Amino acid sequence: MNIPYLPLQQLNARFTQADQQSFTDVQQSGRYIGGDKVLLFEERFAQYCGVKHTVSTGNGLDALTIILLADKQLGNLPENAKVLVPAHTYIATFLSIINAGMQPVPVDVTDMLLTVENLRSQTLKVDAIIAVDLYGKLVGDDVYAFAKAEQKPIYCDSAQSHGAQNSVGIRSGAIARASAFSFYPTKNLGALGDGGALTTMDDNLAAMARKMANYGRSSQFENDVKGVNSRLDPLQAAFLINRMPLLDEDNKRRIQIAKSYFEKIRHDHVVLPKAAFLSHNAMHVFPVFVNDRAHFQNYLAEKGIGTNVHYPVPAHQQKAFKELNDLSFPQTEYLHRTEVSLPCHPLLTEKEVLFIVDCINNY
Ligand SMILES: Cc1ncc(COP(=O)(O)O)c(C=O)c1O
């Protein structure tokens, strides 16, 4: 069998006709920045997430950075704010803090995500918190309750959790003070290029973020704050509008696949996530943990099964973050050393899932 980790072309082929129409619409509209498609996507995404505002951006990193810049501009965060971040994340979360002129304060995770236990000793020392819904799994509601009790603004890096719902049905995007999404092509809701958005219930934060994302402009030739240029392309907005109606169904299929893996994979050297991982999750990534990662990946590759790693080197061990290289986060380091992502996408057939399970069980 040939089972790629993520067959992007096949996934996007489901939208060929709609996308071709979108291209024609945008080309003929004569409006290539902003315009109806961008506004419509923002409206639909806000409605989907259950928030008042979506501000679209050029990518997910910018969405996170702009949230921090906007809250600094509003006086809700100080210059050089210290921002708590889970060490186990994609480097973009760390970079957003740097880009906003602030300082990342990494903490280790429990299992795979930030918990109250991880926060407790550091909360007094920081000005804000970024939770990360890594692999699509929502950070627990108790983390938000704790941040609220401590009166610390908490934001969410929701780049991997489009559509996930918490225990009372609130969707990713509507849980934190503001949340940042990426529409990078591999995401559960992915564009045909870069794209991002932030969501929030807060009118002032939304207005400031919108201004920040557009050069800090208050009118065509007036700028009251120093902003950036980060805009969602109308073509990408149109492609995202085409994909939104399938998101829930796609996520359901991802969860079914994850359940099959969870129930059927049995191997002493392949560690599965805990059962709790299966709920409140958009299942962007299904991770397993193996000490002999390269060997395991090669074995699966020989069987025709593509895998991935999210991620091999944590931010605090990267050259780019020399100032953090002396820190040690044992759980994060274990995850980075052993994680292997199995194929988990909506087009994977039952037969393919069973073949993957079989191969792993015979490893
Ligand atoms: C957890 C996380 N945060 C942030 C980002 C940044 O998104 P983008 O690549 O759209 O800038 C990504 C995706 O790449 C991500 O996975």
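1. Helices (H or I, at least four residues) and strands (E, at least two) are DSSP runs, numbered from the N terminus. This is a predicted model, in which local features need pLDDT of at least 70 and side-chain atom pairs count only at pLDDT 80 or more, while totals for chains, interfaces and linings use all residues. Residues are numbered from 1 along each chain as its sequence is written, and side-chain values use heavy atoms, with hydrogens and water left out.

2. Start with the overall layout. The protein is assigned domain 1 (8-245) and domain 2 (246-361). Such bounds come from an automatic or database domain assignment. The C-alpha centres of domain 1 and domain 2 are 24 Å apart. Where they meet, 41 residues of domain 1 are in contact with 38 residues of domain 2. Contact means heavy atoms within 4.5 Å.

3. Next, the largest pocket. Its volume is about 560 Å³. Of its 32 lining residues, Tyr90, Ser182, Tyr184, Lys187 and Tyr311 are the closest to the centre. A pocket is found on a 1 Å grid over the protein atoms alone: it is an open set of points where a 1.4 Å probe fits, with protein on both sides within 12 Å along at least five of seven lines, and lining residues have an atom within 4 Å of a point. Grid points are joined across faces, edges and corners, and the volume is the space filled by probe spheres set on the points.

4. What surrounds the largest pocket? Helix H4 (60-73), helix H5 (91-99) and strand E6 (178-182) each supply at least two lining residues. The lining of the largest pocket divides into 15 nonpolar, twelve polar and five charged residues. Here Ala, Val, Leu, Ile, Met, Phe, Trp, Tyr, Cys and Pro count as nonpolar, Asp, Glu, Lys and Arg as charged, and the others, Gly among them, as polar. Domain 1 and domain 2 both give residues to this lining, so the largest pocket lies between them.

5. The second largest pocket holds about 400 Å³ of space. Thr110, Asp111, Met112, Leu113 and Lys137 are the closest to its centre, out of 23 lining residues. Helices H7 and H12 are the elements that give two or more residues to this lining. The largest share, three residues, comes from H12. By type, the lining of the second largest pocket has 15 nonpolar, four polar and four charged residues. Because domain 1 and domain 2 both contribute to the lining, the second largest pocket also lies between them.

6. The peptide bond from His310 to Tyr311 is cis, with omega near 10 degrees. Tyr311 sits in the loop between helix H11 (293-302) and helix H12 (330-338). Most residues other than glycine have a negative phi, and most peptide bonds are trans.

7. Gln151 is not a glycine, yet its phi is positive, about 60 degrees. Gln151 belongs to the loop between helix H7 (141-149) and strand E5 (154-157). Met283, also a residue other than glycine, has a positive phi near 50 degrees. Its place is the loop between helix H10 (247-264) and strand E10 (286-289).

8. Are these two residues buried or exposed? Gln151 is exposed, with a relative accessible area of 70%. Met283 is buried, at 0% relative accessibility. Buried means under 20% relative accessible area, exposed over 50%, and partly exposed in between (1.4 Å probe, protein chains only).

9. Check helix H9 (residues 234-243). Nine of its ten residues are buried, so H9 is largely enclosed by the rest of the structure. Among the buried residues are Phe239, Leu240 and Arg243. The buried residues of H9 pack against helix H1 (8-13), helix H2 (16-29), helix H3 (36-49) and H10. At the start of H9, a side-chain oxygen of Asp233 comes within 2.9 Å of the backbone nitrogen of Leu235.

10. Finally, Asn166. It lies in the loop between E5 and E6. Asn166 is buried, with a relative accessible area of 8%. Its side chain makes a polar contact of 3.3 Å with that of Asp141. A polar contact is a pair of N or O atoms within 3.5 Å; within protein, one must be able to donate a hydrogen and the other to accept it, and residues adjacent in sequence count only if both atoms are side-chain atoms. Beyond its neighbours within four places in sequence, Asn166 is in contact with Leu138, Asp141, Ile175 and His280.
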